Amino acid sequence: MEKSLPYPLTTWLNPDYLLSEKILALQKSFLKAKPFPHLQLPNFLKKEIASKLLQELKREQFYLKESDLFTFFQTNDLISTKNHFLQNFHSFLKSPEFTKYISTILSTSIKKDSLDLAGTLYLSTHHLLPHDDQLENRKIAFMFYLTSLKKKDGGALGLYSSKNNQPTTISKRYQPTFNTFILFKVSPLSFHEVEEVITNTPRITLSGWFHGQ
Amino acid sequence: MVNNSSKNNLSKKKNQSFLRSSPIINRNYLPDQTINKIKYSFRDNNDFPSISLINFFDKKIYFFIQKELSHLKLIHQKNPPLYSYSRSHLTKYLNSFFNREDLRNFLAKISERNVKKVDLSYSQFSHKDYMLLHDLVSKEEKDSTRYDLIFDLTPNWNKEWGGTIFYVDRLGNHHPILSYPNTLTLIERKIIKRKNNDFSSEDSAKLTYYLKYINQHAKNKKRLLIMGRIITSK
């Protein structure tokens, strides 16, 4: 049945993530997660797909982005990429099949055919300071890690606990790990940061937002 | 025998007489002709009315300020979406120093306003510290124009370490503030009252500011800044 779909989940995802008991477990984990609803999904894509994504993303042009909040390199939104493989991945992420899958595991209705997606490259000293990601349309923030960094290398994603709706301290940290997918619900409490990278190993991700219905 | 408290009083008296006998501002800045040039430079850029004066205080005075600051007890404060840095109020003694009539008169000549008060505090920024872009000012500020004052005491700073203060104008241009020890910077920005009673500098001369995150290369070095505002009337 799935083989007739233009973007079958089985082409891209680790088959373990398609088992019904796994989907049920993810639904529960997402809602229970602290400090705010999120999921960390290791080995999410098929390994060869993740490797190919890294290989193709490295061919894209990255631009230095710098403000009070961040310093890193980023590609343009991949909706305009000429790279055939990245185009396919972009189409897969916004496909009815994948958006329905994400809507199910997050118990959150997200829009098909609509997302932001860009490649991001952090080098030594690069960082993203605390913010909540809130902007019109942004429903779910996501990132695919395409390289791995050790704890001593910095570059962790830090999620903030809040008190009286104000972020206080980082209560959960995730080190970037190759082929790990992280998602969280954008809300007034979704304060997070990327800690300064203190290594010459590049921290490369594909990240963006799914939009609301 | 002299107890500690008497020693402190003696040292302060000595300092006070030393301050009375010397001009505190670098003599090169004091001639009327120079002040006129400074005034002209201050008004020269409509989007960013500002002036930085290097070697502002007389050398002896600068050492005196550094020494006084070394007695302050700084407290680190962090509000993640806004700032992370260490801060202390100035001592009464330093506060009255920065409110001396000669200093207020000098600032009045540049700003062309009557300087009623200089309101400052001392800040240190080290590795991992920052101040994000913000434009809110206190509700007590009824004046429509704000004058920010930044006095830099940071020796041997490399801008590659972060820590630069940037003012962002209405066109999105980023104006870095010179980081050099013994440098005084004065910035003018307009303030309008929002409907919800908050104040914000967002009219035609909108200017907001931030201090860039300080990265690992700063190691144990710190940005040392006395910052605040001058309270003026027309």
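Student: Where is the place of B:Q124?

Tutor: You'll find B:Q124 in strand β4 (residues 114–125) of chain B. Strands (E, at least two residues) and helices (H or I, at least four) are DSSP runs, numbered from the N terminus. Keep in mind that this is a predicted model: local features need pLDDT of at least 70, side-chain atom pairs count only at pLDDT 80 or more, and totals for chains, interfaces and linings use all residues. Residues are numbered from 1 along each chain as its sequence is written, while chains are lettered from A and ligands numbered from 1 in the order in which they are written.

Student: Why is B:Q124 called partly exposed?

Tutor: A residue is buried if 20 or more other C-beta atoms, placed from the backbone, lie within 10 Å of its own, exposed if 12 or fewer, and partly exposed in between. B:Q124 is partly exposed because it has 19 other C-beta atoms within 10 Å.

Student: Which residues is B:Q124 in contact with, leaving aside its neighbours within four places in sequence?

Tutor: Contact means that two C-beta atoms, placed from the backbone, lie within 7 Å. For B:Q124, the list is B:L74, B:Y85, B:S86, B:K222, B:R223 and B:L224.

Student: Now helices. How are two packed helices described?

Tutor: By the angle between their axes and the distance between the axes. Axes are lines fitted to C-alpha atoms, for helices over the stretch in contact, and angles run from 0 to 180 degrees between N-to-C directions. Take helix α2 (residues 20–32) and helix α5 (residues 96–106), both of chain A: their axes come within 7 Å and cross at roughly 60°. That makes α2(A) oblique to α5(A). Under 35 degrees counts as roughly parallel, over 145 as roughly antiparallel, 65 to 115 as roughly perpendicular, and the rest as oblique.

Student: Which residues make the contact?

Tutor: From α2(A) come A:I23, A:L26, A:Q27 and A:F30, and from α5(A) come A:T104, A:I105 and A:L106.

Student: What about helix α3 and helix α4 of chain A: at what angle do they pack?

Tutor: Helix α3 (residues 47–57) and helix α4 (residues 84–93) of chain A pack at about 125°, with their axes 9 Å apart. So α3(A) is oblique to α4(A) too. A:K52, A:L53, A:E56 and A:L57 of α3(A) meet A:F85, A:L86 and A:F89 of α4(A).

Student: And how many residues of chain A are in contact with chain B?

Tutor: Twelve, and they touch eleven residues of chain B. Strand β5 (residues 127–131) of chain A gives the most to that side, with four residues.
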